[in-house]
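Visitor: I have the sequence and the model open. Please take me through some of the local contacts.

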Amino acid sequence: MAKNTLDFEKPIIELENKIEEMRKYEGHLDISNEIKTLEEKVIQLKKNIYENLTRWQRVQLARHPERPYTLDYIYMMTENFVELHGDRLFKDDHAIVGGFAKLDEYKVMILGHQKGRDTKSNLFRNFGMPNPEGYRKALRLMKLAEKFNKPVITMLDTPGAYPGLEAEQRGQAEAIARNLLEMSRLKVPIIVVIIGEGASGGALGIGVGDRILMLENTWYSVISPESCSSILWRSWDYKEQAAEALKLTANDLLQQGIIDRIVPEPLGGAHKDHQAMANTLKSILKEELAALVKIKPEKLVQNRLEKFAKMGVYIE
């Protein structure tokens, strides 16, 4: 069984393995009908499982180590990407990457959290957890985009901002708060895409925009299910109940008015077909850009402020 198989995927993998075993005997036995029946069963089983995932299962898919990350999307969707480094204050934070790129006819500033694929690259990327200099780099790039009147696309995928002592000493909270302020009044279109995990202020630090998109199997919340469970029940054992209570999936957040659009993923998740996922996202980004670039800067900022001011409002 594949190393990164999730518990709820095991019945699918078992059937697929059975089909592979049967194929070995195709030259000797006429079992094509049996194989076809099993293949149809696999397709139906996938639909039944992936269309009825629990919130915790979607959290697991969002963390799948084979999902495409920010740089994967950049290289699959754009051309002429020029990565820019450093915050001009302390150092370059490898947990956030970004630069100018060409998305077909649109020249954009595209940036986001970046995780690693193995131990060495995860240490280099700090497991996708930015330090203050990462948020300051992101802000420098967004201000540069504003200077040249280019739209900004941000991609969120982080377990949270780095919680280490040195990050606090260098002003982690101030860096995130500064980004919230500056992004709210940036005079160019901003599209935010949650491509994996959207945890707390670490995600929100580059998450203020005119349009907020979420991939189908991602999560976005003030706290992770495990941390919520440990606070409420003094144990991580209740993470599934915490995920249900937090209502952190794309469907939940669309209903609450936190996000604007859900980006569909290939059956089984974005990790099953990177290029198909990138093509879908690229098409949707171009649709959104086409509408946003027509709006005057002053109106853009006004709409953005009103959008976030309405979040959380309720009537008793």
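Visitor: Which residue in strand 5 stands opposite T154?

Guide: A word first: this is a predicted model. Strand 4 covers residues 152-158 and is joined to strand 5 by six bridges, the two running parallel. Within this pairing, L156 faces I194 of strand 5. The residue opposite T154 is V192.

Visitor: Is strand 5 enclosed or open to solvent?

Guide: Strand 5 spans residues 190-199. A residue counts as buried under 20% relative accessible area. Ten of the ten residues of strand 5 are buried, so the rest of the structure leaves strand 5 largely enclosed.

Visitor: Which residue is the bridge partner of V193 in strand 6?

Guide: Strand 6 is formed by residues 211-215, and its pairing with strand 5 is parallel, over four bridges. The partner of V193 in strand 6 is L213.

Visitor: And in strand 7, what is the bridge partner of A199?

Guide: Strand 7, residues 219-221, runs parallel to strand 5 and is joined to it by three bridges. In strand 7, A199 has as its bridge partner S221.

Visitor: Which residues of strand 4 are buried on one side and which on the other?

Guide: In a regular strand, side chains alternate between the two faces of the sheet. Seven of the seven residues of strand 4 are buried. One side of strand 4 holds V152, T154, L156 and T158, and the other holds I153, M155 and D157.

Visitor: What is the bridge partner of M109 in strand 4?

Guide: Strand 3 and strand 4 run parallel, with four bridges between them. M109 has its bridge partner in strand 4, and that residue is V152.

Visitor: How are helix 10 and helix 11 oriented to each other?

Guide: Helix 10 consists of residues 225-233 and helix 11 of residues 239-246; their axes are 8 Å apart and the packing angle is about 105°. Angles of 65 to 115 degrees count as roughly perpendicular. Helix 10 and helix 11 are therefore roughly perpendicular.

Visitor: What classes of residue make up the contact of helix 10 with helix 11?

Guide: Helix 10 brings P225, E226, C228, S229 and W233 to meet K239, Q241, A242, A243 and L246 of helix 11. By class, this contact of helix 10 with helix 11 has six nonpolar, two polar and two charged residues.

Visitor: Is S229 buried or exposed?

Guide: S229 is in helix 10. Beyond its neighbours within four places in sequence, S229 contacts R234, S235, W236, D237, Y238, K239 and A242. With a relative accessibility of 0%, S229 is buried.

Visitor: Where is E265, and what is its relative accessible area?

Guide: E265 sits in the loop between strand 8 (261-263) and helix 13 (274-292).

Visitor: Which side chain has a polar contact of 2.9 Å with the side chain of E265?

Guide: Not counting residues up to four places away in sequence, E265 touches R67, L215, E216, N217, T218, A270 and M277. Its C-alpha lies 9.5 Å from that of A278, which is 13 residues away in sequence. The side chain in polar contact with E265 at 2.9 Å is that of R67.

Visitor: What is the phi of D104, and where does the residue lie?

Guide: Most residues other than glycine have a negative phi. D104 is not a glycine, yet its phi is positive. With a relative accessible area of 33%, D104 is partly exposed. D104 lies in the loop between strand 2 (96-103) and strand 3 (106-113), and its phi is about 55°.

Visitor: Where does N126 lie, and what is its phi?

Guide: N126 belongs to the loop between helix 5 (119-124) and helix 6 (132-147). N126 is not a glycine, but its phi is positive, at about 55°.

Visitor: Which residues does E16 contact, leaving aside its neighbours within four places in sequence?

Guide: E16 is in helix 1, residues 10-23, and is partly exposed, with a relative accessible area of 28%. Its C-alpha is separated by 11 Å from that of L45, 29 residues apart along the chain. The contacts of E16, leaving aside those neighbours, are V42 and K46.

How values were computed
Residues are numbered from 1 along each chain as its sequence is written. This is a predicted model: local features need pLDDT of at least 70, side-chain atom pairs count only at pLDDT 80 or more; totals for chains, interfaces and linings use all residues. Side-chain values use heavy atoms; hydrogens and water are left out. Axes are lines fitted to C-alpha atoms, for helices over the stretch in contact, and angles run from 0 to 180 degrees between N-to-C directions. Angles under 35 degrees count as roughly parallel, over 145 as roughly antiparallel, 65 to 115 as roughly perpendicular and the rest as oblique. Contact means heavy atoms within 4.5 Å. Ala, Val, Leu, Ile, Met, Phe, Trp, Tyr, Cys and Pro count as nonpolar, Asp, Glu, Lys and Arg as charged, and the others, Gly among them, as polar. A polar contact is a pair of N or O atoms within 3.5 Å; within protein, one must be able to donate a hydrogen and the other to accept it, and residues adjacent in sequence count only if both atoms are side-chain atoms. Buried means under 20% relative accessible area, exposed over 50%, partly exposed in between (1.4 Å probe, protein chains only). Two strands pair if DSSP finds at least two bridges between them.
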